[in-house]
Amino acid sequence: MANRMSFLGRNNSSSSILDGPRLFYHKVCLTGVSNVGKTSLFLRMKTGVFPDAQTVSTNGVDTQLLVRNVTGGKVGMSLNDTLGVEKCGTLTANYFKGAECILFMFCIEDQYSLESLDDAIKETSKHVTSSTCLFYLVANKVDLMSEITADRVTEKQIELDCKKVFYISAKTGEGIDELFDGIATDLNMKAVNTLPEVSRIQLHVTQTQGGHGDKKCAC
Ligand SMILES: Nc1nc2c(ncn2[C@@H]2O[C@H](COP(=O)(O)OP(=O)(O)OP(=O)(O)O)[C@@H](O)[C@H]2O)c(=O)[nH]1
Ligand SMILES: [Mg+2]
C-alpha cells in the first residue's frame, strides 16, 4: 500500500514502540471545528491522562504513533492532530494526504460543531474519499449534557458516509478504547482485503506467529 509508513524495529531500549516486530503505521487524522476536543483526545492517547490545564488552540500538526492489539496481531497507527477545520486553510493538503482513516469529531453539547462537519468533509474530499479511506463520526464530551438528538447524529453519519459513530469523553476516558480498538480492527481488515492474495497469506502467517523479526515480516 503506497500510503502506509513502515518502521524497522531497532535495538533501542528507550523506544519501546519501535522495538520488536516491523509494523505498518496507518495514517489516522482528527478533524472538526475548534474546541471539540481533538487535542485533548490526542494528548490523552499520548500521556494517558486528560490535560489538566486549558489546552491552547492547536497551531500546526502534531503526530504520534500508536499500536493496538487486534485479533491475530498488532495494528500501528500514526495519529495526527491539527487546528480546527475552520482555520486550517492550505494546511490540509499535506495533513490529509495519504490518510487511511479520518475521525470527524464534534462535541455533543454544541450542535454547530456537528453541522460544521459539512465543511470538514468538503475539505477532506479534496484529498480522500470514503471508498479509499475509513470515515468515522466521533461524538466527544459525553460527560456533558447532550443538545443533539441521536437521530440527528445518525443522519449526519449517513450524510458524511461514516462507517460508525463512537461516543467518547476525552476527559473521563469513556469510549476511547472502543474507538481505537474499533478502528484498528477495521484498518486491519481493510489492509488484509486490499493485499494481493500471496501477501494476504504471508500476513496471516506473520500475525499468527506473532510477527517477531524480519524473517516473518509480511512485506
Ligand atoms: N467536559 C469535557 N471537556 C472537554 C473534553 N474534551 C475536551 N474538553 C475541553 O474542551 C476544550 C477544547 O479542547 P481542545 O482539545 O483544545 O479542542 P481542539 O478541538 O483541539 O481545538 P482547536 O485546537 O482549537 O482546533 C478544552 O477546554 C478542553 O479541556 C471532554 O471530553 N469533556
Ligand atoms: Mg487542538
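At 1.5 Å a residue, the 19 residues of α7 should span 27 Å, and because the C-alpha atoms at its ends are 27 Å apart, expectation and model agree; the expected span is taken as 1.5 Å times one less than the number of residues in the helix. Helices (H or I, at least four residues) and strands (E, at least two) are DSSP runs numbered from the N terminus. This is a predicted model, in which local features need pLDDT of at least 70 and side-chain atom pairs count only at pLDDT 80 or more, while totals for chains, interfaces and linings use all residues. Residues are numbered from 1 along each chain as its sequence is written, and chains are lettered from A and ligands numbered from 1 in the order in which they are written.

The buried residues of α7 are F180, I183, A184, L187 and N188, where buried means that 20 or more other C-beta atoms lie within 10 Å of the residue's own, exposed means 12 or fewer, and partly exposed lies in between, with C-beta atoms placed from the backbone. They cover an arc of only 140 degrees around the axis, which puts them on the same side of α7; the arc is that of the directions from the helix axis to the C-beta atoms. An α-helix has 3.6 residues a turn, so residues three or four places apart point the same way. The buried residues of α7 pack against β2, β3, β4, β5 and β6, a contact being a pair of residues whose C-beta atoms, placed from the backbone, lie within 7 Å.

Among these strands, β2 has nine of its nine residues buried, so it is largely enclosed by the rest of the structure. From β2, L23, Y25, K27, C29 and T31 point one way and F24, H26, V28 and L30 the other. In the parallel sense, β2 pairs with β4 over five bridges and with β5 over four, given that two strands pair if DSSP finds at least two bridges between them. K27 has S78 of β4 as its bridge partner, and V28 stands opposite C101 in β5.

Strand β4 also pairs with β3 (residues 61–70), here in the antiparallel sense over ten bridges, with M77 in β4 as the bridge partner of L66. These two strands form a hairpin with two residues between them, and G72 in the turn has a positive phi of about 90 degrees. Elsewhere, β6 and β7 (residues 164–167) pair in the parallel sense over four bridges, and V138 stands opposite F166 in β7. The chain passes from β6 through helix α6 (residues 150–160) to β7 in a right-handed β-α-β crossover, that is, with the strands pointing away from the viewer, the path from the first strand over the helix to the second runs clockwise.

The largest nonpolar core has 44 residues, and those with the most contacts inside it are C101, I102, L103, F104, Y136, V138 and I183; such a core is a set of buried Ala, Val, Leu, Ile, Met, Phe, Trp, Tyr and Cys residues joined through C-beta atoms within 7 Å. Its largest share, seven residues, comes from β5.

Two loop residues remain. N35, in the loop between β2 and α1, has a positive phi of about 85 degrees although it is not a glycine, and with 16 C-beta neighbours inside 10 Å it counts as partly exposed. D161 lies in the loop between α6 and β7, and with 12 C-beta neighbours inside 10 Å it counts as exposed.

Technical notes:
Contact = placed C-beta atoms within 7 Å.
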